[in-house]
Amino acid sequence: MAIVEERREPFIRQDGKDKVTGLGRYTADLTRTGMLHARFRYADHPHARLLGVDTSRARALAGVFAVLTQDDVPDVRYGGFVEDRTLFARDVVRFEGEIVAAVAALTPEIAERAVELIEVDYEPLEAVSDPEHALRDGTILVHDGWEGYEANEDLVRRGNDCSRSTIAKGDVEAGMAEAEVTVKERYVADMSHAVPIEPRAIVAEWQGDKVTVWTSTQVPFIARSGIATTLQLPEADVRVIVPHLGGGFGGKCEFHFEAHVAALARAAARPVRLVFTRREEFIAPDHRREGQVVEIETGAMRDGTLVARRARLVLDNGAYAADAPFFPQLAAMMVVGPYRIPHVSVDAHLAYTNTTPSGSVRAPTAPQACWALEQHMDAVAEAVGMDPVELRRRNIVREGDESATRQVFTPIAAAETLERAVEMIGYGRDLPEDEAIGVACGWWPSFAMPSGAHVKLHGDGSGTIVTGAQECGTGSVMALPLLAAEVLGMRPEQFTVVYQDTDAGPWDAGASGSQTTFNNGRAVVAAAVDVRDQLLELAEEVLEAARADLELAGGRVQVKGSPTTGVEIADLAEKAAGDKLLLGRGSGSPAPLPECDPSGCTGRLGMESFLAPTFITHAARCKVDRATGVVRVLEVAAAHDSGRVLNRVGADGQVEGGVAMGIGMALSEGSQLSADGRQLNAYLLDYKLQTASDVPSIQVDWVGAPDPNGGPNGAKAVAEPPCVPTPGAVGNAIAKIAGRVHQLPMTPLRVWETMQR
Amino acid sequence: MSATYAAAATLEEALTAMRAGCRPVAGGTDLVVGARQGKSALPDALVAIHGLAGLHGIAELPGGGLRIGALVSHADLVDHRAVRSRYTALADASAIVGSHATRHVGTIGGNVMNASPAMETGGPLMCMGAEAVLASAAGERRLGLDALLTGPGSTAARPDELLVAIELPPPAAAAGSCYARLEYRRQMEIAVVGATCSVSLDGPRVAAALVAITALTPCIMRVPAAEAALAGSDGGAEAIRTAGDAAAAAAKPISDVRASAEYRRAMAAVIARRAIATAIARARDGSESVPIPASPALHGATD
């Protein structure tokens, strides 16, 4: 398949200089006159009945302006899939990061002191930290009385099982019986975290009945809804502004603490700022990557043909559902993987536990599930006596094949990613005895969401894109000028982008689900086309030529075939100024979900078919220190099908970052828990991110073709797929040297223990 | 919050302040970070010593030793030719403390006086016979590292005493040394297991050896059994294995978020063997290459 068109010239993004020079202002840098500082009082037990909260000593402390508990805010339950939360603990605390009270004071130190003075009376309850234990009958319920919660009616739930999804295709019993080889394994992934380098920060200020909230969120419109819902305000009275965002990786999706700070600011009648510590960033947000238990069984023929797949997944929901209820269905799709399998039965559960809640982190469920699946694929290859790349080659989905839910694939380049990755890494070459190459394939959907944009041209010929999309560091919003410029025959540098403000741009789902370019990109193109039509109308008069004979190029509207006959766009804009408004609007309507047959599936929450699916293969060359179990990833080759690549520099950057994140998940990033569910390593010395010195050489290539169901010009999702297969590829390399490690992260200790067996 | 903070212009000022109860601060990489993390509150009164000229710099001592001012940074140590060539284990250790930023701000004085059982420079200094020079209004005194370090976070220095320098005796002829650490990643790492070896050779045989283990006991400590296994040996695999096993036997490992006790003990032997083998190799070929990827400055340095 041909390499697609792509932009390779460097493009200086609007926020680039601010960020690299340190001039950029983040939320924690903001100060308002008279501003106070907020601190939270967290639960002292991971699970306890709340008998009483006495804030009198805290309120009496000099310098304290407000102390709030659930009694001081509207008694509203909220949650996207299950309304299982309140802003502050009401009757029960369910994890160590549950907020019992909040304080606003003159200094952070006074606020901290006041928080300590709050007296809380508890009746401790048994805490359940193991998701498999949580699902057993007789285990204490994390949410006693959950039947009374409002919830999405497609949710299948029972006891501590917050959401159950199944996939059934064919007859898995018959398939297993028919198979010549069966392999059954169990994999366990620890919880991990998004770990944005900027811990979240929020500033709230009221003016009359209206509140402005500056917050480090990936999803300003969803944050606005959360504030309005929980504080019972009209959305029109809430304005959310996002200063530069210091990374999110999904952890800053959804509504979190904006309402707490807004409520404090109202009670104190002063602006209030909250800045999280690193520990809080680990403990309190309901958006960590969930732990998984994956029991997986595959039946195959001796020639490598996959016949049947059975799997049972238990995902750790933590104490509240957040956006995790669709995880079981997505994880079920992930353990089937991009392979043809006639008989499938997957049963996936999301178990409430007394731990920090799970939520979307970059490609939720996929890296862990893919790590288990792809190591399992290598185990199947070993059992049938076949090279693992050859096994994948024989089973990977191609055009016309159908998924486990009978979605028929339109042209895709899954197989091409496999071939390109193994070619780039030199699979099969001789290596030192302590090195090996592991390969893993993965897939990931693009998500269709509503989105809109305005494009306007000013009298000086420059342009502004007004969008509700949110930049989270990936560059997707910063690259929107490329799309407008292409339509209008202008340079991207001629456009500024107004975003970050719910009072400015149209509603957008925010920086989540790799959706910005996919959806908002289409809206920007439509808005630019609208402006182009207006320019052509003006140019018709000036040039006395029919619109069909005109084109926009090089900053001019000109007659096709006679480029000397034309007019500068800037001149048209100047002429229009004060008379006609050059303002375009656009809202690309996304393609519907591909047809499929989910009749054998339960717990359907929209993941049963994948729109414009992306495919990925990563190959990792690793070195294992046999004496210590320390693994170094020396080289990664990443081949991706994301449809048409619009901005090669930006897309490559997403892959490099995703691979680095994937290596972290593979080797060093995982939370260790106490028996009662407290995180033991909630700090960066012992929650080990990979450093710049650890990241290997990464080769990136793009082998997809434009997808007719894709975003602008056939682009598919880019941001999430790059971290999907990396842990699996690393795992397969380790297995060749040290034996198979069935726990994630594959720490030196675990690799060493594997070698001792 | 610290109640008072004053920057001393002279050693006398600093010592007077310490006598009045002030605690010293130099790079602040342990003190300030520890306070921010809630490990221990900042002292009520701080005296900053970064301006004390006499505490900066590395000087050759008459007779071939080295005097390292307490304010010398880890980066300075790594860049110093004599440290690399004659006290190589100290260069190994200094090259892997924290990150580039930590190494440029953090000082050897702070590293030693913080007295962490996991500190990088402690083992090398102990195996090189270093003495801590402690000053107070009453005068100076010297303590060997093993006498100075009395427990996790505690030293034999009195509250009014300030570490002003570390003095290293000249190395023996045909000597080599190495500090090795178990590393889960290449920067921002803390020793889970560390080991130091300093050897001198008499022809093909090991004349004398000093071995210390780091992060395996409440104080960094020498391992006499390992030293005995090496002294007089041919420095071959068998002697190194025996010495490594002795290091593991001397360890009192714990289980925590960083490792299990069993793994720590096993790694004590592995890392000790590596430190010993490299020290012997360096003694044999006079090599001073410090194989630490975190320090491009080191690899780039050719002077």
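Student: If the expected span of a helix is 1.5 Å times one less than its number of residues, what span should the 20 residues of helix α16 (residues 648-667) of chain A have?

Tutor: They should span 28 Å, and the end C-alpha atoms of α16(A) are 28 Å apart, which agrees. Keep in mind that this is a predicted model, where local features need pLDDT of at least 70 and side-chain atom pairs pLDDT 80 or more, while totals for chains, interfaces and linings use all residues. Residues are numbered from 1 along each chain as its sequence is written, and chains are lettered from A and ligands numbered from 1 in the order written.

Student: And is α16(A) mostly covered or open?

Tutor: Mostly covered, since 16 of its 20 residues are buried (20 or more other C-beta atoms, placed from the backbone, within 10 Å of a residue's own).

Student: New topic: how many residues does each chain give to the contact?

Tutor: Chain A gives 19 residues and chain B gives 19 residues, with contact meaning that backbone-placed C-beta atoms lie within 7 Å. On the side of chain A that touches chain B, the largest share, three residues, comes from helix α18 (residues 748-756) of chain A.

Student: Which strands form the sheet in chain B?

Tutor: Three strands form an open, parallel sheet in the order β1-β3-β2 (strands are DSSP E runs of at least two residues, helices H or I runs of at least four, numbered from the N terminus; pairing takes at least two DSSP bridges). The edge strands of chain B, β1 (4-7) and β2 (23-25), each pair on one side only.

Student: How many bridges join β2(B) and β3 of chain B?

Tutor: Three, in the parallel sense, with β3 covering residues 45-48 of chain B, and B:V25 stands opposite B:A48 in β3(B).

Key
Contact = placed C-beta atoms within 7 Å. Expected span 1.5 Å × (residues − 1). Buried ≥ 20, exposed ≤ 12 C-beta atoms within 10 Å, placed from the backbone.
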